[in-house]
Amino acid sequence: EFTSCENNIIDVFYGDFVTSFSVNVTRGKPIKIAIKTLPDKTEYLVGDKMDMTGLILEATYLDGSTEWISSGYTVSVTTLNRVGKQIVTVSFENCTATFIVSILENLPTDVSVEKLPDKLIYYVGEKVDTTGLQLRVKYKNSEYKIMSSGYSVCDGSAFDNNFAFTQVGEQYVFVEYTENGESLIAYYTVTVVEEPEGVNII
């Protein structure tokens, strides 16, 4: 009976002669696998790639022996494109095991002014003009995009892209950006001056 897979010594006797040789015995393919240790990462954002770092499988063989496996397997999914819970199937030597990961929406986390609008000085009564304004929107995955539309502005009251300045002095213009129900606010300042004589505000 062989008790190990490698370096099994066989002695052959014939009369007064004896010789020995070694053989290696394979256990064959496993009959089942199980998740011994989950991957380090089981929570993802939409669009993330699967990261199997830390995954350890336990393979069981016909003779009852077990082996820990950390490579040589395949997974059923590589890119996570759907929000919610998702079952991941791991395959090794025609055996499978599963675990569950969570996929979250890649929502914006911060917004700031990337480029100020062309117009920063107004007369009292003039309407806000956001031409040239660009926002930098940062997301949970640390990526960002530049937006030149899709936002609303206000002077501190209700958001209205068509409001007029009514007071002299330096004033804040608040910019609201909303995506997938998540609203973020940035701001910039403008200077408002009295209308000079002979100038009609349209």
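Student: How many helices and strands are in the protein?

Tutor: The protein has zero helices and 16 strands. Helices (H or I, at least four residues) and strands (E, at least two) are DSSP runs, numbered from the N terminus. This is a predicted model, in which local features need pLDDT of at least 70 and side-chain atom pairs count only at pLDDT 80 or more, while totals for chains, interfaces and linings use all residues. Residues are numbered from 1 along each chain as its sequence is written, and side-chain values use heavy atoms, with hydrogens and water left out.

Student: What is the strand order in the open sheet of four strands?

Tutor: Strands of a sheet pair through backbone hydrogen bonds, either parallel or antiparallel. Here two strands pair if DSSP finds at least two bridges between them. The open sheet runs in the order β11-β16-β15-β14, and its pairing is mixed. Its edge strands, each pairing on one side only, are β11 (121-123) and β14 (151-154). From one strand to the next, the twist averages 40°; axes are lines fitted to C-alpha atoms, for helices over the stretch in contact, and angles run from 0 to 180 degrees between N-to-C directions.

Student: In which sense do β15 and β16 pair?

Tutor: Strand β15 (residues 169-179) pairs with strand β16 (residues 182-193) in the antiparallel sense, over 11 bridges. For Val173, the bridge partner in β16 is Tyr188.

Student: What share of the residues is buried?

Tutor: Buried means under 20% relative accessible area, exposed over 50%, and partly exposed in between (1.4 Å probe, protein chains only). Of the 202 residues in the protein, 28% are buried. The protein exposes about 13,000 Å², with carbon and sulfur atoms supplying 48% of that area. These areas come from the Shrake-Rupley method with a 1.4 Å probe; for residues, only the protein chains shown count as cover.

Student: Where does Thr60 lie, and which residues does Thr60 touch?

Tutor: Thr60 lies in strand β5 (residues 56-60). Its relative accessibility is 14%, so Thr60 counts as buried. A contact means heavy atoms within 4.5 Å. Leaving aside residues up to four places away in sequence, Thr60 touches Pro30, Ile31, Lys32, Ser65 and Thr66. For the protein, among contacts between residues at least 6 apart in sequence, 45% join residues at least 24 apart.

Student: How many disulfides are there?

Tutor: A disulfide is a covalent bond between the sulfur atoms of two cysteines. The rule used asks for a pair of cysteine sulfur atoms within 2.5 Å, and the count comes to zero disulfides. Cys95 is buried at 10% relative accessibility, and Cys154 is buried with a relative accessible area of 3%.

Student: How many aromatic pairs are there?

Tutor: Rings of Phe, Tyr and Trp (its six-membered ring) pair if their centres lie within 6.5 Å; planes under 30 degrees apart count as stacked, over 60 as edge-to-face and the rest as tilted. By this rule there are five aromatic pairs. One of them joins Tyr122 and Phe165, with ring centres 4.6 Å apart and planes at 45°, so this pair is tilted. The pair links distant parts of the chain, since Tyr122 is in strand β11 and Phe165 is in the loop between β14 and β15, 43 residues apart.

Student: Are Tyr122 and Phe165 buried or exposed?

Tutor: Tyr122 is buried at 0% relative accessibility, and Phe165 is buried at 1%. The rings of Tyr172 and Phe174 also form a tilted pair, with centres 6.0 Å apart and planes at 40°. Tyr172 is partly exposed at 45% relative accessibility, and Phe174 is partly exposed at 27%.

Student: Which residues do ring pairs link into a cluster?

Tutor: The cluster consists of Tyr122, Phe163 and Phe165.
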